[in-house]
Amino acid sequence: MGKVDCDKESGVASRFHITKYPTLKVIRNGVPSKREYRGQRSVEAFVEFIKKQLQDPIKEFHQLSELHNLDDKKRMIIGYFDSKDVHEYDVFRRVATNLKDDCQFHVGFGDSSKAMHPPGQPIIVFRSDKALSNDDDETYNGNIANYDDLNTWVQERCVPLVREITFENAEELTEEGLPFLILFHNPKDTESVKQYKSIVKSTLLDEKPNVNFLTADGIKFAHPLHHLGKSTSDLPLIAIDSFRHMYMFPKFEDMFVPGKLKSFLQDLYSGKLHREFHYGPDEPSNDNSLHQHGGPTSPPESTFKKLAPSKNRYTLLRDEL
């Protein structure tokens, strides 16, 4: 454990993007974890957090049949090794330690996994969340002994393009500072989630640096729907939360129209969405979904900004005051 006086060590503060005090970061294998410690500022809570960090991130299976009983709603990485006493397994453990919050990690040794790989040649595969995907296991074809390559491959698969926002991770997502493009859906409706993910992957991949693609349980997040003038009976629906205002995509089915969802994002960047809510469409249009005459003259306020870190919880740095 260590502490840093960020007033004196401004270079360290800048390197680790420290914007508030106190900030507690976890460094794993020389790399800062994406998730800061966000628990109570008490000895008991902090000790419990440390104990959890020290737990083995990998679960060992002893029969292949056990892999059929895993939680199919979770993304997972599965390793098949001859034994623990190989360099490749050390690399696998390092990667698992880094990304244990994003994926489940499972491993089998010796007889429990020999049917899945040639002798002396370990195999690592990625298994997607079967509840939302029917993809087969994907095998890593790179050098397992190369930590950087394996870590990159696992990260790309365990941190999906489209993530689910929950009350537990909302603070973390808001701190990334990117607007949200959110699919609100009924938790029993997995088909709309599959369709949304497919559209985002096929048409909006180049927008990844500019926006967070999210799904949200429309039952749990009924409050944002209320701000949009909608209820759970209107699910599924798509909206943007810019941390200032919320804008609703005209119709869920319109995302299948080529370029429609991308154009919706471009209208956010250009300010068109905000402008049209105030002054009506820029050009004559029959589509009144974004501006209803007689309706409000400004878009609903962001509700997700309220899930960002409280300004009263930290001491902000002086240049942010």
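This is a predicted model: local features need pLDDT of at least 70, side-chain atom pairs count only at pLDDT 80 or more; totals for chains, interfaces and linings use all residues.
Five bridges join strand S10, residues 180-185, to strand S12, residues 237-241. These two strands run antiparallel. In general, the strands of a sheet pair through backbone hydrogen bonds, and they may be parallel or antiparallel.

Now step back to the sheet. Five strands form it, in the order S9-S11-S10-S12-S13. The sheet is open, and its pairing is mixed. Which strands lie at the edges? They are strand S9 (162-164) and strand S13 (246-248). Each of them pairs on one side only. The sheet also twists, by an average of 30° from one strand to the next.

Helices lie across these strands. Helix H6 spans residues 191-203. Helix H6 lies across S9, S10, strand S11 (212-217) and S12. Its direction is at about 155° to S10. Helix H8 covers residues 260-270. Helix H8 lies across S10, S11, S12 and S13, running at about 25° to S12.

Next, look at the aromatic rings. The structure holds 13 aromatic pairs. One of them joins Phe81 and Phe109, with ring centres 6.4 Å apart. Why is this pair called tilted? The planes of Phe81 and Phe109 meet at 45°. Planes under 30 degrees apart would count as stacked, and over 60 as edge-to-face.

Compare the rings of Phe252 and Phe256. Their centres are 6.1 Å apart and their planes are at 90°, so this pair is edge-to-face. Are the two residues buried or exposed? Phe252 is buried, with a relative accessible area of 10%. Phe256 is partly exposed, at 43%.

Find Tyr147. The charged end of Arg94 sits over the ring of Tyr147, 3.9 Å from the centre of that ring.

Notes:
Residues are numbered from 1 along each chain as its sequence is written. Side-chain values use heavy atoms; hydrogens and water are left out. Rings of Phe, Tyr and Trp (its six-membered ring) pair if their centres lie within 6.5 Å; planes under 30 degrees apart count as stacked, over 60 as edge-to-face and the rest as tilted. Buried means under 20% relative accessible area, exposed over 50%, partly exposed in between (1.4 Å probe, protein chains only). A charge sits over a ring if NZ of Lys or CZ of Arg is within 6 Å of the ring centre and within 35 degrees of the ring normal. Two strands pair if DSSP finds at least two bridges between them. Helices (H or I, at least four residues) and strands (E, at least two) are DSSP runs, numbered from the N terminus. Axes are lines fitted to C-alpha atoms, for helices over the stretch in contact, and angles run from 0 to 180 degrees between N-to-C directions. Contact means heavy atoms within 4.5 Å.
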